[in-house]
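Please read them with the structure open.

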Amino acid sequence: MENNREIGATIILVCMVAFWIVSSIRIRIRDERKRKILKEGVQARAKVLQIQPTGEYLNNLPEFQVQVQIQPENGADFIAEVTEAFPYPKYDSLRNGSQVVVKYDPDYYKRVIFLHTEPAT
């Protein structure tokens, strides 16, 4: 009986460590992509089409899935989805139809980050 408890505790510990490793890798990849977009990305205005909470938290901030229509200066408009963590007051300011400033990866248009989560003028 004692042996089963040790095996169960070991399995739980291994699962917790694996989850932590996967989460850490996910955050590191996201941060590297953001740095690349900030450095090499193209700035554009975007219109918020839809925003909804994902139910997850990142650094104690709620995470949101935001669908935006990007309006580049050169080229046709396109739609992208951004998963971003920000406080609820910023969420309240991002209503459907509001304009924001974003940067997107010119090599892969679907990778987008917010430059300003406050509505653009």
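1. Start at Phe114. Beyond its neighbours within four places in sequence, Phe114 is in contact with Val66, Val68, Val82, Glu84, Phe86, Val100, Val101 and Val102. Keep in mind that this is a predicted model.

2. The core comes next. The largest nonpolar core has 19 residues, and Val66, Val68, Ile70, Phe86 and Phe114 touch the most other members. At least two residues of this core come from each of strand 1 (42-58), strand 2 (61-71), strand 3 (78-85), strand 4 (99-105) and strand 5 (108-116).

3. Phe78, Ala80, Val82 and Glu84 make up the covered face. Ile79, Glu81, Thr83 and Ala85 make up the uncovered one. In a regular strand, side chains alternate between the two faces of the sheet.

4. Strand 3 pairs with strand 2 in the antiparallel sense, over eight bridges. Phe64 stands opposite Glu84 of strand 3. Six residues lie between the strands in this hairpin, where Gly75 takes a positive phi near 115°.

5. Which residues does Glu84 touch, not counting those up to four places away in sequence? They are Lys34, Pro62, Glu63, Phe64 and Phe114. Glu84 counts as buried because its relative accessibility is 12%, with under 20% as the cut-off. The side chains of Glu84 and Lys34 are joined by a polar contact of 3.2 Å. I would show this pair in a figure panel.

6. Now the rings. The count comes to five aromatic pairs. One of them is Phe78 with Tyr109: the ring centres are 4.7 Å apart and the planes are at 25°, so the pair is stacked. This pair links distant parts of the chain, with Phe78 in strand 3 and Tyr109 in strand 5, 31 residues apart. Phe78 is buried, at 12% relative accessibility. Tyr109 is partly exposed, with a relative accessible area of 42%.

7. Phe86 and Phe114 are edge-to-face, because their ring centres lie 6.4 Å apart with the planes at 85°. This pair also links distant parts of the chain: Phe86 sits in the loop between strand 3 and helix 2 (88-93), Phe114 in strand 5, 28 residues apart. Both Phe86 and Phe114 are buried.

8. Last, the cluster. Phe64, Phe86 and Phe114 form one aromatic cluster. Phe64 and Phe114 are both among the contacts of Glu84.

Notes
Residues numbered from 1 in each chain as written. Predicted model: local features only at pLDDT ≥ 70, side-chain atom pairs only at ≥ 80, totals over all residues. Heavy atoms only, no water. Core = buried A, V, L, I, M, F, W, Y, C linked by side-chain atoms within 4.5 Å. Buried < 20%, exposed > 50% of the residue type's maximum accessible area, 1.4 Å probe, protein only. Helix = DSSP H or I, 4+ residues; strand = E, 2+ residues; numbered from the N terminus. Contact = heavy atoms within 4.5 Å. Pairing = 2+ DSSP bridges. Polar contact = N/O pair within 3.5 Å; in protein donor to acceptor, adjacent residues only side chain to side chain. Phe/Tyr/Trp six-rings, centres within 6.5 Å; stacked < 30°, edge-to-face > 60°.
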